[in-house]
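Hi,

Here is the structure I said I would pass on. Have a look at it first, and my notes follow below.

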Amino acid sequence: GIAGGFLYWWDPLAAVAVLHPEVVTYEPMRVTVVQSGANAGQTKKDDGGPAVRVGTKADKTRFEAIFLDTLDSTSTEGH
(Lines give C-alpha, C1' and ligand atoms only; values in the text may rest on other atoms or scores of the structure.)
Protein backbone atom coordinates (compact mmCIF):
# COMPACT_ATOMS: atom_id res chain seq x y z
CA GLY A 1 0.00 0.00 0.00
CA ILE A 2 2.81 2.40 0.79
CA ALA A 3 4.63 1.76 -2.49
CA GLY A 4 1.31 2.17 -4.34
CA GLY A 5 0.79 5.57 -2.75
CA PHE A 6 -2.57 4.86 -1.12
CA LEU A 7 -1.47 3.88 2.40
CA TYR A 8 0.31 6.29 4.73
CA TRP A 9 1.81 5.85 8.20
CA TRP A 10 0.07 7.76 10.96
CA ASP A 11 2.02 10.86 11.83
CA PRO A 12 3.29 10.55 15.44
CA LEU A 13 3.55 14.34 15.78
CA ALA A 14 -0.12 14.71 14.84
CA ALA A 15 -1.06 12.08 17.43
CA VAL A 16 0.89 13.88 20.17
CA ALA A 17 -0.51 17.27 19.11
CA VAL A 18 -4.08 16.04 19.59
CA LEU A 19 -3.45 15.54 23.31
CA HIS A 20 -0.71 18.16 23.74
CA PRO A 21 -1.51 21.06 21.36
CA GLU A 22 1.18 23.20 22.99
CA VAL A 23 3.83 21.09 21.20
CA VAL A 24 2.90 22.63 17.83
CA THR A 25 2.79 26.25 16.68
CA TYR A 26 -0.19 26.94 14.44
CA GLU A 27 -0.93 29.70 11.91
CA PRO A 28 -4.09 30.43 9.95
CA MET A 29 -3.61 29.69 6.26
CA ARG A 30 -5.73 29.20 3.16
CA VAL A 31 -5.13 25.84 1.50
CA THR A 32 -6.58 23.37 -0.97
CA VAL A 33 -6.14 19.63 -1.35
CA VAL A 34 -4.77 18.36 -4.66
CA GLN A 35 -7.50 16.12 -6.07
CA SER A 36 -5.68 14.18 -8.80
CA GLY A 37 -2.34 13.31 -10.30
CA ALA A 38 0.92 12.33 -8.66
CA ASN A 39 0.38 14.84 -5.81
CA ALA A 40 -3.20 13.80 -5.00
CA GLY A 41 -3.96 14.18 -1.31
CA GLN A 42 -1.34 16.81 -0.64
CA THR A 43 -2.26 20.22 0.66
CA LYS A 44 -0.97 23.41 -0.89
CA LYS A 45 -1.24 27.07 -0.05
CA ASP A 46 -4.06 28.70 -2.05
CA ASP A 47 -5.40 32.21 -1.48
CA GLY A 48 -8.81 31.03 -2.73
CA GLY A 49 -9.00 28.01 -0.45
CA PRO A 50 -10.71 27.72 2.93
CA ALA A 51 -8.95 29.16 5.98
CA VAL A 52 -7.60 26.44 8.27
CA ARG A 53 -5.16 26.17 11.16
CA VAL A 54 -1.82 24.81 9.91
CA GLY A 55 0.98 23.47 12.10
CA THR A 56 4.11 25.34 11.05
CA LYS A 57 6.59 24.45 13.77
CA ALA A 58 7.02 21.90 16.55
CA ASP A 59 8.92 21.76 19.82
CA LYS A 60 11.18 18.80 19.02
CA THR A 61 12.42 18.27 22.57
CA ARG A 62 8.93 18.30 24.11
CA PHE A 63 7.52 16.10 21.33
CA GLU A 64 10.27 13.50 21.74
CA ALA A 65 9.85 13.43 25.52
CA ILE A 66 6.09 12.89 25.30
CA PHE A 67 6.34 10.38 22.44
CA LEU A 68 9.07 8.30 24.10
CA ASP A 69 7.31 8.46 27.47
CA THR A 70 4.19 7.10 25.79
CA LEU A 71 6.13 4.28 24.12
CA ASP A 72 7.88 3.40 27.39
CA SER A 73 4.68 3.49 29.44
CA THR A 74 3.32 0.26 30.89
CA SER A 75 0.00 1.96 31.55
CA THR A 76 -2.33 3.91 29.28
CA GLU A 77 -3.46 6.15 32.16
CA GLY A 78 -2.95 9.81 31.34
CA HIS A 79 -2.02 9.16 27.69
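A definition to start: helices (H or I, at least four residues) and strands (E, at least two) are DSSP runs, numbered from the N terminus. This is a predicted model, so local features need pLDDT of at least 70 and side-chain atom pairs count only at pLDDT 80 or more, while totals for chains, interfaces and linings use all residues. Residues are numbered from 1 along each chain as its sequence is written, and side-chain values use heavy atoms, with hydrogens and water left out.

On the overall layout, the chain has two helices and three strands, and along the sequence they follow the pattern α-β-β-β-α. Of the 79 residues, 10% are buried (under 20% relative accessible area; exposed is over 50% and partly exposed in between, with a 1.4 Å probe and protein chains only).

Now the pocket. H1, E1 and strand E3 (51–58) each supply at least two residues of the lining of the largest pocket, and H1 gives the most, with three. The space in the largest pocket comes to about 150 Å³. For the method: on a 1 Å grid over the protein atoms alone, a pocket is an open set of points where a 1.4 Å probe fits, with protein on both sides within 12 Å along at least five of seven lines, and lining residues have an atom within 4 Å of a point. Points are joined across faces, edges and corners, and the volume is the space filled by probe spheres set on them.

Then the helices. H1 (residues 12–19) and H2 (residues 60–72) pack at about 90°, with axes 10 Å apart (axes are lines fitted to C-alpha atoms over the stretch in contact, and angles run from 0 to 180 degrees between N-to-C directions). The two helices are therefore roughly perpendicular, a label that covers 65 to 115 degrees. Pro12, Leu13 and Val16 in H1 meet Phe63, Ile66 and Phe67 in H2, where contact means heavy atoms within 4.5 Å. The residues of this contact are six nonpolar, no polar and no charged.

Lastly, Gln42 sits in the loop between strand E1 (24–33) and strand E2 (43–45). Gln42 counts as partly exposed because its relative accessibility is 44%. Beyond neighbours within four places in sequence, Gln42 touches Thr32, Val33 and Val34.

Cheers

How values were computed:
Angles under 35 degrees count as roughly parallel, over 145 as roughly antiparallel, 65 to 115 as roughly perpendicular and the rest as oblique. Ala, Val, Leu, Ile, Met, Phe, Trp, Tyr, Cys and Pro count as nonpolar, Asp, Glu, Lys and Arg as charged, and the others, Gly among them, as polar.
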